Amino acid sequence: PPLSEQSSNAICDEINDVTDSGSGLLAEGIYGIGDIISLENILKESDYCYPPDSLGKSFSFTQPANTVFMIEISASWWAPCVQSIPEGEEIYETWKEDSRVKIIHVLDDIGMPYSCTQWGDFTGTISIDSDDEYPEIPNIPPIIDDGSAGNGQLRDLFPENPLVANSYYPVTIFIDHHMRIIHIEHGSIYIDDANLYINCMLDAM
């Protein structure tokens, strides 16, 4: 069930407890909940591929000190990632005017089958199965071209789903203003849960 059905104060307290439990950078370069992103990875730049006016620009975690992050990671070929686009758009719409919140969509395996532009201009014409119908999505978060998993990209910093073998997508990572990972959500995330994690991170600043 969604966390948001529980007391928001209890969830925020639980997150605060997590922030003191990090083990540092894990073996094989994978971060877990409670770990702090290393300076090397904070400085690493990743190219935007959407929206069009972002082309030639890059993203890094070198943002103002009071910034919190929600990073969505998808693969262009995986149906659950397509199905989660409306939820990601609604979360982005909620926070896009708040300069303290940075929401980024990381897309792997672009062109297999969908291009970055197709993903960003999602209008209901994209479907994995011919029977799929999706509403128009006017304002998807900015997209990073992440190449493919296993090539040292952002996706490779985070673990696969521990409950499903070889399952990497979709995944959503929440990172606080200390650059500490406070939550990793494998699979689609509830909109209210995402908003709760973001609010908790902001309240902790």
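I began with Cys49, which counts as buried because its relative accessibility is 14%, where buried means under 20% relative accessible area, exposed over 50% and partly exposed in between, with a 1.4 Å probe and protein chains only. I note that this is a predicted model, in which local features need pLDDT of at least 70, side-chain atom pairs count only at pLDDT 80 or more, and totals for chains, interfaces and linings use all residues. Residues are numbered from 1 along each chain as its sequence is written, and side-chain values use heavy atoms, with hydrogens and water left out.

I then looked up the partner of Cys49 and found a disulfide with Cys116, the sulfur atoms lying 1.9 Å apart; a disulfide is taken here as a pair of cysteine sulfur atoms within 2.5 Å. This link is right-handed, with 80° about the S-S bond of Cys49 and Cys116. It connects distant parts of the chain, 67 residues apart, with Cys49 in strand E1 (residues 46–50) and Cys116 in helix H5 (residues 116–120); helices (H or I, at least four residues) and strands (E, at least two) are DSSP runs, numbered from the N terminus. Cys116 has 6% relative accessibility and therefore counts as buried.

Next I followed Cys12, which is joined to Cys200 by a disulfide with an S to S distance of 1.9 Å. The torsion about the S-S bond of Cys12 and Cys200 is about -85°, so this disulfide is left-handed. Cys12 belongs to helix H1 (residues 8–18) and Cys200 to helix H6 (residues 191–203), 188 residues apart. Cys12 counts as buried because its relative accessibility is 14%, and Cys200 does so at 4%.

The largest cavity has a volume of about 80 Å³. Among its 14 lining residues, Glu72, Ser84, Thr172, Ser188 and Ile189 are the closest to its centre. Strand E3 (68–75), helix H4 (85–95) and strand E6 (171–175) each give two or more residues to this lining, and E3 supplies the largest share, 4 residues.

Methods: On a 1 Å grid over the protein atoms alone, a cavity is a set of points where a 1.4 Å probe fits but cannot get out, and a pocket is an open set with protein on both sides within 12 Å along at least five of seven lines; lining residues have an atom within 4 Å of a point. Grid points are joined across faces, edges and corners, and a volume is the space filled by probe spheres set on the points.
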